[in-house]
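Open the model in your viewer and keep the sequence panel beside it. The stops below go from the whole chain to single residue pairs.

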Amino acid sequence: MNSSSAECKHAKLNQWVKEMAETCGPKDIHWCDGSKAEYDRLMKEMVASGATLPLAKRPNCFHFRSDPSDVARVEDRTFISYPEEIEAGPTNNWMHPDQLKATMRDLYKDCMKGRTMYIIPFSMGPIGGPLSKIGIEITDSPYVVCNMHTMTRVSTKVLEVLGADGEYIPCMHSVGAPLEPGQKDVPWPCAPIEQKYISHFPEENLIWSYGSGYGGNALLGKKCLALRIASAMARREGWMAEHMLILRLTSPEGRQFHITGAFPSACGKTNLAMIQPTIPGWKAECIGDDIAWLKIGPDGRLYAINPEAGFFGVAPGTAYDTNPMAMESIKENCIFTNCAVTDDSDVWWEGMGPAPAHAIDWKNKDWTPQSETPAAHPNARFTAPAAQCPMISSDWEKPEGVPIDIFIFGGRRGSVVPLVYEALNWDHGVFLGSTAASETTAANIGAVGNLRRDPFAMLPFCGYNMGDYFQHWFEMGDRLGDKAPKIFYVNWFRKSPEGKFMWPGFGENSRVLKWMCERVAGKAGAADTAIGKLPKPEDMDTGGLNLDPATLKELLTVKPADWKAELPDMEAHFAKFGDRLPPRLAKQLDELKKRLG
Ligand code: SAT
Ligand code: MN
């Protein structure tokens with residue numbers, strides 16, 4: 001064992017590491033310190049082994065190709081484990097903890113043979129902050145260690161804060177590919193799909209992951225800890241863990257507004273987190289692009305932190321015209337996964353700009369624009385330090401967070417749903433979040449164009465019965481009272497009968513955000529409709545926008561007949577939750593029906 005196999009001061013943590021080492025049988029143990037030297041050394045080793053390729057065009061950037069079977073989160077192999085199935089609820093995969101642990105213990109037996117076991121002490125949120133939580137990830141993947149360096153705060157300081165008996169969330173991970181003596185490693189070790197398990201034991205704040213090295217399956221601070229385990233903790237402790245971006249907008253008068261937004265995948269969440277306002281005098285700053293932890297502060301308002309330290313962004317479609325701030329964030333010190341590599345040693349992906357005449361695709365094959373398959377995998381990713389984003393807020397690491405004024409929910413809808421509307425009150429806002437729906441695209445499961453209800457964009461990330469999660473939202477609203485943020489619903493994706501997007505989107509979405517801020521400030525008007533409060537055309541700042549009045553009117557029109565047609569699907573959606581559906585939600589649906597007449 002190497003010198004850094006030294007134990008820490010925390011007896012329970014040492015005991016857990018010892019047990020896992022005995023079970024998994026690694027060749028050595030390394031306690032990570034989060035230093036640049038550690039990162040550099042691991043990257044050097046992975047370059048030497050052929051696991052990664054340094055990119056000449058981007059300083060300190062590396063490209064990895066995953067096994068073609070290990071390219072995304074595996075929702076059907078993700079488990080929320082409670083003794084009682086009802087606690088996982090109708091939207092999660094469930095298995096009894098005894099059965100799940102027995103199965104996984106067998107898999108973990110000697111699974112790290114021939115590999116190093118890394119112990120990663122990390123903080124979600126600024127180290128020692130009042131909203132922060134400490135995790136310890138055990139992994140046999142140096143790729144995971146390097147990604148965790150960027151996505152979380154890995155440091156020996158975390159162990160100092162933990163002391164002898166501090167609370168931490170144990171996150172166990174193995175790629176599930178033991179090496180026999182003399183066996184040559186592959187560039188991306190992983191286990192076959194039927195052996196992959198992404199398991200959560202919320203009653204014990206425990207995560208066990210096996211078989212995958214990719215994204216949220218393996219970087220356990222992100223979806224596993226910061227959403228699934230944290231959502232269950234948050235409910236017990238009276239705070240919120242949400243799948244939300246955090247954005248600060250400052251008006252020309254210098255008033256700050258803080259916005260959080262939840263969107264299903266493929267709805268432009270990252271683009272919104274890095275919006276460049278087109279309206280004069282308004283300034284945007286990014287605080288987070290994916291996850292928000294929210295807690296009521298001493299003044300009774302709701303404060304949010306971004307628990308992460310980096311962006312794990314979808315690469316395809318990211319370009320200077322769609323998201324210049326993301327492009328500026330990925331010039332150096334990044335990890336790229338499953339992109340194409342150009343002949344001059346840069347990354348490329350679909351939607352980035354002109355295609356290279358030749359590249360090596362994500363499967364390590366020659367690629368030209370004539371090829372029939374994409375050069376980058378559609379879920380190819382960049383891992384980038386958030387601090388590299390030119391518009392990152394100077395307050396993005398404020399330990400106590402920023403006070404939230406506005407919650408936004410949204411989805412991708414070609415019809416029915418207007419550009420924006422405001423909830424009538426908190427309970428109605430919870431109804432909007434709970435019924436949020438998006439048309440599926442190529443980026444997620446289901447036939448393209450089908451409607452998928454993704455309540456609060458938390459469908460794959462809620463660590464307990466989602467009916468109880470809805471109830472938790474009501475209870476948070478009761479505690480917040482008149483200090484509660486206003487809730488809005490947006491749809492940037494309305495199409496004309498000719499199939500063209502009616503709203504320009506991107507930076508122009510700042511016009512919609514401006515209306516929301518002015519609603520908060522009590523400055524902008526709205527009209528009551530059956531579904532909520534909508535801006536009248538004159539309430540929206542469309543100065544300098546080449547949008548014909550008829551289109552704007554259409555974007556802001558509610559047709560009761562269209563909404564009545566939505567009701568049966570909403571009813572079926574709510575019926576799934578049985579007696580865990582809060583009566584206050586059923587009441588909201590009834591009231592909507594009445595308002596629609
Ligand atoms: O792979 S992750 O779960 O980290 C990212 C995502 O699927 O949104
Ligand atoms: Mn996400």
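This is a predicted model: local features need pLDDT of at least 70, side-chain atom pairs count only at pLDDT 80 or more; totals for chains, interfaces and linings use all residues.

Residues are numbered from 1 along each chain as its sequence is written, chains are lettered from A and ligands numbered from 1 in the order in which they are written, and side-chain values use heavy atoms, with hydrogens and water left out.

**Whole chain.** Show the protein chain as a cartoon: there are 17 helices and 31 strands. These are DSSP runs numbered from the N terminus, with helices being H or I of at least four residues and strands E of at least two. The C-alpha trace spans about 70 × 55 × 45 Å along its principal axes.

**Domains.** Colour 4-31 + 77-237 as domain 1, 241-306 + 396-596 as domain 2 and 311-388 as domain 3; the bounds come from an automatic or database domain assignment. Between the centres of domain 1 and domain 2, taken over C-alpha atoms, lie 33 Å.

**The interface of domains 1 and 2.** Select the residues in contact (heavy atoms within 4.5 Å): domain 1 supplies 30 residues and domain 2 supplies 28 residues. About 2500 Å² is buried between them, 61% of it from carbon and sulfur atoms. Buried area here is the accessible area (1.4 Å probe) that two parts lose on being put together, summed over both. On the domain 1 side, pick Leu131, Leu227 and Arg235, which lose the most area to domain 2 and together make up 27% of what that side buries.

**Salt bridges.** A salt bridge is a side-chain nitrogen of Lys or Arg within 4 Å of a carboxyl oxygen of Asp or Glu. Domain 1 and domain 2 share 5 salt bridges. Next, select Glu397 and Arg153, a salt bridge with its closest N and O atoms 2.8 Å apart.

Last, where is Lys113, and where is Glu180? Their side chains form a salt bridge at 3.3 Å, N to O. Lys113 is in the loop between α4 (97-108) and β5 (116-124) and Glu180 in the loop between β8 (169-174) and β9 (197-201), so the pair ties together parts 67 residues apart in sequence.
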